[in-house]
Amino acid sequence: MTFQGVYAPVPTPFDAEGELDLEAWRGNLDRWMGTPLEGLVVLGSNGEAPYVDDDEADRLIAVARERIPSDRRLIAGTGRQSTRSTIAACRRAADVGADAVLVRTPSLFKSQFSSTAFIQHFSAVADGSPVPVILYNFSALTGVTLPVDSAAALSIHDNIVGIKESGPDMSYVGDLVALAPDGFSVLVGSAPTFLTSLLLGADGGILALAAVAPEACVRLLTLVRAGQLDEARELQRQIVPLAKLVGSIYGIAGLKAALEVRGFVGGSPRLPLDPVDAEARERLEAQL
């Protein structure tokens, strides 16, 4: 199983009391399925995965599987701090319909994580997961970085099919592309550097921006594949301001507010995160 194209890591909707809003979830999923996205990532970092209980996670994935047709990919975030709990999360996700799992690096006791520790962790997870595993490196969030040599060693595992790299370091992306064997997908999570990543050989992206501007993200990939680089550069220039607003500037709360502008149900993030203020919402509306 290979993963190419554009995927949206979608937010989890909560109601006014902070409980899952499954009705809104169904409506949002149906709208995303009306776009050209290859699929969705449920319970990634933009899905507020660390704030979602295991039973809630299972329900979110199961409902997503009901709304996502079999020809579109459903990737579920299953990263936990321990290897044991990560394997359990992978198995539960597979049981309720995930096509693959996205497993972020563990981050507690970060000073003790060696290359060997990462390889042992992800190898055990891949051995225990019923569905393919995509490695997830997001150093700005976790404070740890999966070494390139560890990713290369893991890329030959039969059940590890790719990596999502969410940082802007193009040398890291280039090294991943160079070391990846055939069939191992390199996906990126930084929309402001999406064009550069594609030119380096990345297979696609899992982009927060794709949740609010899926057509633009897919169009950029299409232009690169067609060799229409002048148009691709212009489109990249246009999407960067919005990508920054829903990414590094306002984060999950900004992404949810932008979804509201687009007619989705965004809602507030779950505590302890706060929603954006009126000034931020105005900036998002103007940019959209």
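1. Let's start with the largest pocket. A total of 38 residues line it, and those lying nearest its centre are Ser 45, Asn 46, Phe 138, Leu 141 and Gly 247. Keep in mind as you look around that this is a predicted model. The volume of this pocket comes out at about 850 Å³.

2. Where does the lining of the largest pocket come from? Strand β4 (100-104) and the helices α5 (139-142), α11 and α12 each put in at least two residues. Helix α11 has the largest share, with five residues. Sorted by class, the lining of the largest pocket has 18 nonpolar residues, 16 polar ones and four charged ones.

3. Now have a look at α11 and α12 as a pair. Helix α11 covers residues 229-249 and helix α12 covers residues 251-261. The two pack at an angle of about 135 degrees, and their axes are 6 Å apart. Angles over 145 degrees would count as roughly antiparallel and 65 to 115 as roughly perpendicular, so α11 and α12 are described as oblique to each other.

4. Which residues make the contact between these helices? On the α11 side you'll find Leu 245, Val 246, Gly 247 and Ile 249, and on the α12 side they meet Gly 251, Gly 254, Leu 255 and Ala 258. Five of the residues in this contact are nonpolar, three are polar and none is charged.

5. Next, the second largest pocket, with a volume of about 150 Å³. Its lining is made of Val 212, Ala 213, Glu 215, Ala 216, Gln 238, Ile 239, Leu 242, Arg 262, Gln 287 and Leu 288. Two elements give two or more residues each, namely α10 (214-225) and α11. Here too α11 has the largest share, this time three residues. By class, the lining of the second largest pocket splits into six nonpolar, two polar and two charged residues.

6. Last, some charged pairs. Side chains of opposite charge can pair when their charged atoms come close. Across the whole structure, a search turns up eleven salt bridges. One of them joins the side chains of Glu 48 and Lys 256, at 2.7 Å from N to O. Glu 48 sits in the loop between β2 (39-42) and α2 (54-67), while Lys 256 is in helix α12, so this pair ties together parts that are 208 residues apart in sequence.

Key:
Residues numbered from 1 in each chain as written. Predicted model: local features only at pLDDT ≥ 70, side-chain atom pairs only at ≥ 80, totals over all residues. Heavy atoms only, no water. Axes fitted to C-alpha atoms, helices over the stretch in contact; angles between N-to-C directions. Helix = DSSP H or I, 4+ residues; strand = E, 2+ residues; numbered from the N terminus. Parallel < 35°, antiparallel > 145°, perpendicular 65-115°, else oblique. Contact = heavy atoms within 4.5 Å. Nonpolar A, V, L, I, M, F, W, Y, C, P; charged D, E, K, R; others polar. 1 Å grid on protein atoms, 1.4 Å probe; cavity = no way out; pocket = protein on both sides within 12 Å on 5 of 7 lines; lining within 4 Å. Points joined across faces, edges and corners; volume = space filled by probe spheres on them. Salt bridge = Lys/Arg side-chain N within 4 Å of Asp/Glu carboxyl O.
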